[in-house]
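Open the model in your viewer and keep the selection tool at hand. This tour moves from stop to stop and says what to select at each one.

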Amino acid sequence: MKRFNTRKTLRHHLQQVRKDRLRVAFVPTMGALHQGHITLIHHARTLADVVVCSIFVNPTQFNDPEDLKKYPRPIDTDIRLLQEAGCHVLFQPEVSEMYGPDEHWHMDLGRLDEILEASHRPGHFQGVTQVVKKLFDIVQPDIACFGQKDFQQFKVVERLVAQFQLPVKLAMVPTVREPDGLAMSSRNVRLSATGRQQALALYRALLWIKTDMTAKAPSTLREEAIRFLESSPGVQVEYVALCDAQTLETIDEFTETRSSVALVAAWVDGVRLIDNMLLN
Ligand code: AMP
């Protein structure tokens, strides 16, 4: 695996790759890699000749400075995992390589920047669009892989690509879970043994919704899921939402023609967790 820290050296390498007419797939990450990330790398390998992964803990997408400070950064393990997964190129820039000293540009994300994650993490998706736009400009991938785990983020990136008419395809890879159902996340390592068990409530709430969806209205399911989570020890709910999987607007009924998604965010053990499940 080749490793680059600067835009210039990475661009130079990728110019040669493109001259050789090889297809490039890109997997942006913040490191602290787990099987979810590695599945993205494996998927990327099926889509292209060269897989580029970036590890960059992007400060502009953290609205909580403590969360940024506590973000795990086990870089040696990450490098080993990427090598084992057959990743070809790792891009690992410093913050100063990615941002100028006084950079504040924004993009109009419409409702996506108001609802769900955006309403609880103001500025988060502006940070995501900034870094993804910059990374796409540097890597210029043919295809980029993102996880379903961050469902709203995928929608935001779709919008970014549409708005700038970027010549990149997007692939959404299903959420990888622990054997007991907990969605894998870099933040899970911050859970205590008790918190780890309590965190399962998110997955159970989503399963509950999916199991009961033929019998009940979305608003009823949402209320029941919130009640279930509120009664789960150690869990503080931020939101449960049942939405149109295309627009992410709240739905008040299920229809055959429209796919829907249930999304949840909650605090467990001082860690903010999100999860979602496609319903049909
Ligand atoms: P992150 O390092 O958290 O920024 O995530 C990098 C990429 O990995 C994003 O596209 C995430 O959606 C994806 N990802 C994170 N966790 C999972 C998971 N459990 N399953 C699938 N993809 C994931």
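Is His-34 buried or exposed? Select His-34 and take a look. This is a predicted model. His-34 has a relative accessible area of 19%. Buried means under 20%, so His-34 counts as buried. The residue sits in the loop between β2 and α2.

**Next stop: the ligand**

Select the ligand and the residues around it. The shell holds 17 residues. The closest are His-37, Gly-147, Asp-150, Val-176 and Met-184. By class, the shell divides into 8 nonpolar, 7 polar and 2 charged residues.

Which elements each supply at least two residues of this shell? Colour β2 (24–29), α2 (35–47) and β5 (143–147) to see them. The largest share comes from α2, with 3 residues.

Now pick out contacts one at a time. Start with Asp-150. An N or O atom in its side chain is 2.6 Å from an oxygen atom of the ligand. Go on to His-37. A polar atom of the His-37 side chain lies 2.9 Å from a ligand oxygen. Then select Met-30. Here a polar backbone atom is 2.9 Å from an oxygen atom of the ligand. How much of the ligand does the protein cover? On its own the ligand has 480 Å² of accessible area, and the protein covers 93% of that.

**Next stop: the cavity**

Rolling a probe the size of a water molecule over the atoms shows where empty space is left. How many cavities of 30 Å³ or more are there? The count comes to 1. The largest cavity holds about 60 Å³ of space.

To find the cavity, select its lining: Leu-182, Ala-183, Ser-185, Asn-188, Ala-199, Leu-202, Leu-273, Ile-274 and Asp-275. The largest share of this lining, 3 residues, comes from β9. By class, the lining has 6 nonpolar residues, 2 polar and 1 charged.

**Next stop: two residues with positive phi**

Select Leu-248, in the loop between β7 (235–244) and β8 (260–268). Its phi is near 65°, a positive value in a residue other than glycine. Leu-248 is at 2% relative accessibility, so it counts as buried.

Move on to Asp-269, in the loop between β8 and β9 (271–278). Asp-269 is not a glycine, yet its phi is positive, at about 60°. With a relative accessible area of 35%, Asp-269 is partly exposed.

**Last stop: Arg-121**

Where is Arg-121 found? Look in the loop between α6 (117–120) and α7 (124–139). Arg-121 has a relative accessible area of 10% and is buried. Arg-121 and Lys-216 are 95 residues apart along the chain. Their C-alpha atoms are separated by 30 Å.

Terms used: Residues are numbered from 1 along each chain as its sequence is written. This is a predicted model: local features need pLDDT of at least 70, side-chain atom pairs count only at pLDDT 80 or more; totals for chains, interfaces and linings use all residues. Side-chain values use heavy atoms; hydrogens and water are left out. A residue is near a molecule or strand if one of its heavy atoms lies within 4 Å of it. A polar contact is a pair of N or O atoms within 3.5 Å; within protein, one must be able to donate a hydrogen and the other to accept it, and residues adjacent in sequence count only if both atoms are side-chain atoms. Accessible areas come from the Shrake-Rupley method with a 1.4 Å probe; for residues, only the protein chains shown count as cover. Helices (H or I, at least four residues) and strands (E, at least two) are DSSP runs, numbered from the N terminus. Ala, Val, Leu, Ile, Met, Phe, Trp, Tyr, Cys and Pro count as nonpolar, Asp, Glu, Lys and Arg as charged, and the others, Gly among them, as polar. Buried means under 20% relative accessible area, exposed over 50%, partly exposed in between (1.4 Å probe, protein chains only). On a 1 Å grid over the protein atoms alone, a cavity is a set of points where a 1.4 Å probe fits but cannot get out, and a pocket is an open set with protein on both sides within 12 Å along at least five of seven lines; lining residues have an atom within 4 Å of a point. Grid points are joined across faces, edges and corners, and a volume is the space filled by probe spheres set on the points.
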